[in-house]
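Here's a quick briefing to read with the model open beside you. Take it one topic at a time.

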Protein chains: 2
Amino acid sequence: MPRVSYDERVHSVSIAEVAQRAGVSTATVSRALSGRGRVSAAAKEAVLAAADALGYVVSSNASSLASGRTRNVGVVLPFLNRWYFASVLEGAQQALLRAGYDVTLYNLSGGGEERASVFEHFLLRQRVDAVIAVSLELTEDEVARLHALGKPIVGVGGPIPGVRTLAIDDVAVAKLATEHLTGLGHTRIGHLGGRAEFDSDFHLPVQRRHGYEAALDEAGIPFDADLVANADFTVQGGYHAAKQLLGAPPRSRPTAIFAASDEMAIGAILAARDLGLAVPHDVSVVGIDDHDQAEFFGLTTVAQFPRKQGARAVDILLEQLEPRDGSEPLADILLSFELVVRSSTSRPRD
Amino acid sequence: MPRVSYDERVHSVSIAEVAQRAGVSTATVSRALSGRGRVSAAAKEAVLAAADALGYVVSSNASSLASGRTRNVGVVLPFLNRWYFASVLEGAQQALLRAGYDVTLYNLSGGGEERASVFEHFLLRQRVDAVIAVSLELTEDEVARLHALGKPIVGVGGPIPGVRTLAIDDVAVAKLATEHLTGLGHTRIGHLGGRAEFDSDFHLPVQRRHGYEAALDEAGIPFDADLVANADFTVQGGYHAAKQLLGAPPRSRPTAIFAASDEMAIGAILAARDLGLAVPHDVSVVGIDDHDQAEFFGLTTVAQFPRKQGARAVDILLEQLEPRDGSEPLADILLSFELVVRSSTSRPRD
DNA sequence: GTGAAAGCGCTAACAC
DNA sequence: GTGTTAGCGCTTTCAC
């Protein structure tokens, strides 16, 4: 704790004052405080003491201007108010904070013009040392401009051309979920997929559907387009789509549903209840995510770990921003996922 | 669109290059681009053209260092992954972006040491022009340090001593919700409140409970401690607490529940269903928030408007950062709220 | 290991 | 209305 009462001061302490008090030059103060370059133990101690006594803190602007480093990372995402995105952001922010980096947030949910404006802002104002793009497909131009400025980029949630990327294997995840159902003996398996408009970025809906079809195929179950309904990844969307699937006559109704997100899966569980169907007795439901509420609903799901994804993205960035010896540049990374079996799935009734 | 291909360049264009190309001085470029000070139309046009052609953008660090303004606002919040907080942030970010400000995010959900670390970071590094604190009670020391640096602060979600604050009147909101139930003729009204540990910041649980009691009082209904259960504001917490209230024998069971958040109210609806009780026939439920999912569940609620709250906070900040003539400094502001009646409430059965 | 000094790229007086 | 110029507060050669 600095030993000065702050409300008595209006201007901030400069490095020169610290230097004077410590009886060294400003260069030594800079070196002592930043850890770059060597400083004698005695000098370092004197500097630390002086800085503490004066309540000194570097001006990030002056430091950035002189050094070219901002210690700030931009995180760009398409939504803030959805579990996956907020979780990735949380994980990234936490890791960045620990490494001494600030996070500047760019939420694109406002619309198209906002996106252009964001790129004007931070590409251009050189506020950040690097960029994390979550489930966003940057254009080649955007990537090129960032790279031209020497700013590393890492993508989370899907591949960006020319950019190192973290992603789960969506096909494999969907296949795993569906295989869980075929393994239980289900043969009429419905799918709640993502609507085409959500496919713009990383083709996540399409890939998850491919995984679903692949699992059916391996189990020798013919694909039936009537068992697929698409929605918008929300509970409400999943509810309505599931009602449609489950409203079919008992003979043709699916005995299990694989939803491309937990929120839609929860919607399906609620829809089943409202139709008087018991889960899992009449219909099994499996999702993807391991959403916060998955446990509450007893939802079987394939967990992905967005917080870890965010933290991992930071590791990769830091390796480029602060290369340490022995660290190899990493290739694209496929993230882990795992099936979490709860009470929403069981063998079919007969 | 700038007419240069960015990947051919590695260093960024400086103001001097623009000045040269436009045939004016750097001062004129600065003035033309920032809008501060007067510039002839011809000069302005020339500067704009040159800047565009070269793909010039100011270095925010150099600009901040020279001017003392960062065009960056820090937003501090205790959670990211909850509807209210994410919505406030979204509203604030959007308004800030429109005004040309970046947002640096400080999420404190990591724990206590993180909080100290955050204050080291941004109080101290002078990265921001102002601070928005959402549902956080800053200490006097923290407020004093910010003020000492001349940084405006605005609080959202509750009062901070010495700081301009935006908040709903939690007592009135809770009273309105409860009055809706008494007005329908309910006399056994349960309350799902917030647990004491959530009271640390703005005593929101206590205030909402006061509103509840006030409404009962005015309706001449005696307060009954057995009809109150506390939880953690989540669906799951509300579910368990509601089960407790609704598990009582029919005679003593509440015919209506007022929950201090929509998420808990949704938990109550699900609990009622699981107990075989119809909503609103057997039990009415009302919440506070107008959460994204409120409509889906047909939840009657008192809406607050967190996105607007965030945007409003920005207005207040901007008024201080960029005072315009005729604008009066605003006092603390009570935000609007409104009862939204849906299908989860009705008159009691008999 | 340490200090002197030259910038980093811009803004804001000030003079014209 | 426009140019000149002195910093903003730091980091980093370069010499010692």
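Is F233(A) buried or exposed? F233(A) counts as buried, with a relative accessibility of 9%. Here, buried means under 20% relative accessible area, exposed means over 50%, and partly exposed is in between, using a 1.4 Å probe and protein chains only.

A bit of housekeeping comes next. This is a predicted model, where local features need pLDDT of at least 70, side-chain atom pairs count only at pLDDT 80 or more, and totals for chains, interfaces and linings use all residues. Residues are numbered from 1 along each chain as its sequence is written, chains are lettered from A and ligands numbered from 1 in the order in which they are written, and side-chain values use heavy atoms, with hydrogens and water left out.

**Chain A as a whole**

- Chain A has twelve helices and twelve strands; these are DSSP runs numbered from the N terminus, with helices (H or I) needing at least four residues and strands (E) at least two.
- Chain A is more spread out than a compact globule, because its radius of gyration is 26 Å, well over the 20 Å that the globule rule gives for 350 residues. That radius is taken over C-alpha atoms, and the rule is 2.2 Å times the number of residues to the power 0.38.
- The C-alpha trace of chain A spans about 90 × 40 × 40 Å along its principal axes.
- Out of the 350 residues in chain A, 53% count as buried.
- Look at contacts in chain A between residues at least 6 apart in sequence: 72% of them join residues at least 24 apart. A contact means heavy atoms within 4.5 Å.

**Surface and charge**

- Chain A has an accessible surface of about 14,800 Å², and 51% of that belongs to carbon and sulfur atoms. The areas come from the Shrake-Rupley method with a 1.4 Å probe, and for residues only the protein chains shown count as cover.
- There are 33 positive and 43 negative side chains in chain A, with the centres of the two sets 5 Å apart. Lys and Arg count as positive and Asp and Glu as negative, while His and the chain ends are not counted; each charge is placed at NZ of Lys, CZ of Arg, CG of Asp or CD of Glu.

**Two copies**

- S60(A) sits in helix α4 (residues 60-67) and is buried, at 4% relative accessible area.
- Setting aside neighbours within four places in sequence, S60(A) is in contact with R125(B), Q126(B) and R127(B).
- S25(A) lies in the loop between α1 (15-22) and α2 (26-34) and is partly exposed, at 36%.

- Most residues other than glycine have a negative phi, and most peptide bonds are trans.
- F233(A), in the loop between β7 (228-231) and α10 (235-246), has a positive phi of about 80 degrees although it is not a glycine.
- D290(A) is not a glycine either, yet has a positive phi of about 60 degrees; D290(A) is partly exposed, at 23%.
- The peptide bond from V279(A) to P280(A) is cis, with omega near 5 degrees.
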